[in-house]
Amino acid sequence: MTHVTQVDGPTDSVTARVPAKVNLQLSVGPLREDGYHDLVTVFHAVSLFDEVTVTRADRTSVLVTGEGGPAVPLGPANLAVRAAVALARATGRRGRGAGGVKIEIRKRIPVAAGLAGGSADAAATLVACNDLWQVGLSQAELCEIGADLGSDVPFAVVGGIAVGRGRGDVLTPALAAGNYHWALAFGQAGLSTAEVYATCDRLRARATAAGNRAPAGEPTLSTPLMAALRAGDPAQVGPLLSNDLQPAALSMQPELRRALAEGRDYGALGAIVSGSGPTCAFLAKGAAHARDIAVALTSSGACRAATRASGPVPGASVVKAGA
Ligand code: C5P
């Protein structure tokens with residue numbers, strides 16, 4: 001449930017919150033000439049949120065606090081800064097102060113974790129600035145601007161459960177029922193998405209050269225997974241979770257195998273690396289089971305920390321506007 005506090009007249013600051021994502025399916029095609037890979041992925045937004053507040057200012061700046069905050073680049077490389085600049089440009093806000101915002105990011109989504117935290121912050125900034133400046137862009141228009149910032153940004157704007165194609169930025173809503181409860185286990189160190197994709201290419205090339213696998217073909221959507229999601233049955237969904245990047249993430253952080261195995265031992269319906277990792281996502285039978293898995297993984301030392309989350313939840317949305 002989203003509560004929006006509206007005030008009369010122009011506001012000085014707007015806060016948006018935005019969820020993390022887990023990929024229920026992540027099928028990766030061959031490397032393209034532009035350095036990206038065609039994907040078929042099923043995105044699922046879960047209740048682990050970052051919050052972004054934008055406040056009118058002469059110059060654009062960013063401040064990051066919370067989980068992994070010090071690891072986030074400040075200045076023009078920051079995805080949230082790039083989002084504010086891109087929206088100001090797209091809506092013709094020029095001149096001193098017109099497109100300036102102070103961006104404050106309160107992070108709960110870990111950095112470089114395979115949960116699209118950076119993309120989430122960009123999406124929240126787009127939604128918050130759209131509201132602050134009252135420029136009235138549609139969700140589709142925000143997604144178009146977001147796609148240039150990162151492949152996962154459009155999904156962070158939209159949320160819910162959606163199928164991503166192209167780089168992951170071309171979305172169609174998925175017919176899905178039910179609620180899904182997760183334990184999320186965070187790795188000791190982050191993984192670079194680009195390096196995980198490159199490792200995936202290398203592992204595949206090696207396997208093909210050894211005659212162990214055909215070259216990667218065009219990815220296709222899993223019909224059994226979509227049927228299980230329509231049925232809204234976590235017990236059916238669990239064994240159908242899949243991630244082509246998992247072997248690469250496991251080769252880069254072999255200790256993740258232990259976390260996955262322990263989660264299965266605790267009765268998880270499915271256990272996968274989330275996106276490019278290293279976060280491991282465990283589909284649970286319900287909220288209490290998700291908490292039990294998270295507690296067990298934390299206390300066994302199989303991960304740095306663990307939490308529970310559920311989905312689907314909506315994408316980036318305004319939670320507060322203030323004078
Ligand atoms: O789009 P984004 O900036 O999040 O992607 C980060 C990196 O992940 C890209 O530079 C690319 O190396 C890799 N990537 C990919 N294919 C995709 C999405 C991302 O190879 N579909």
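Which residues does Ser 119 touch, not counting residues up to four places away in sequence? The model is predicted.

**Entry 1: Ser 119**

I listed the contacts of Ser 119 and found Leu 79, Asp 152, Val 153 and Ala 156, with residues up to four places away in sequence left out. I then checked where Ser 119 sits, and it lies in helix α2. Its relative accessible area is 9%. The cut-off for buried is under 20%, so Ser 119 counts as buried.

**Entry 2: α1 against α2**

I described the pair by the angle between the axes and the distance between them. I noted the crossing of α1 past α2 as right-handed. On the α1 side, the contact is made by Leu 79, Ala 80, Ala 83, Ala 84 and Leu 87. On the α2 side I wrote down Gly 118, Ser 119, Asp 121, Ala 122, Thr 125, Leu 126, Cys 129 and Asn 130.

How many of the 20 residues of β2 are buried? I got 16, so the strand (residues 37-56) is largely enclosed by the rest of the structure. Next I went through its pairings.

- β1 (residues 13-31) pairs with β2 in the antiparallel sense over 16 bridges. Val 14 stands opposite Val 54 of β2.
- β4 (residues 101-107) runs antiparallel to β2, joined by 6 bridges. Here Val 52 stands opposite Ile 105.
- β5 (residues 161-165) is also antiparallel to β2, with 4 bridges. His 44 stands opposite Ile 161.

**Entry 3: the four-stranded sheet**

I moved on to an open sheet of 4 strands. The order reads β9-β10-β7-β11, and the pairing is antiparallel. The edge strands are β9 (270-273) and β11 (305-311), each pairing on one side only. Neighbouring strands are turned by 25 degrees against each other on average, direction ignored. I checked β9 with β10 (residues 280-284) and found 4 bridges. Ala 271 has Phe 282 of β10 as its bridge partner.

**Entry 4: helices across that sheet**

Helix α9 (residues 256-265) lies across β9 and β10, at about 5 degrees to β10. Helix α10 (residues 287-300) lies across β7 (180-186), β10 and β11, at about 160 degrees to β11.

Which residues of α10 are buried? I found His 289, Ala 290, Ile 293, Ala 294, Ala 296 and Leu 297. They cover an arc of only 165 degrees around the axis, so they sit on the same side of α10. What covers them includes β7, α9, β10 and β11. On the other side of α10, I noted Val 295 and Ser 299 as exposed. Just after α10, Gly 301 takes a positive phi of about 80 degrees.

How values were computed:
Residues numbered from 1 in each chain as written. Predicted model: local features only at pLDDT ≥ 70, side-chain atom pairs only at ≥ 80, totals over all residues. Heavy atoms only, no water. Pairing = 2+ DSSP bridges. Helix = DSSP H or I, 4+ residues; strand = E, 2+ residues; numbered from the N terminus. Axes fitted to C-alpha atoms, helices over the stretch in contact; angles between N-to-C directions. Contact = heavy atoms within 4.5 Å. Buried < 20%, exposed > 50% of the residue type's maximum accessible area, 1.4 Å probe, protein only. Arc of directions from axis to C-beta. Left-handed = near helix turned anticlockwise from the far one by under 90°.
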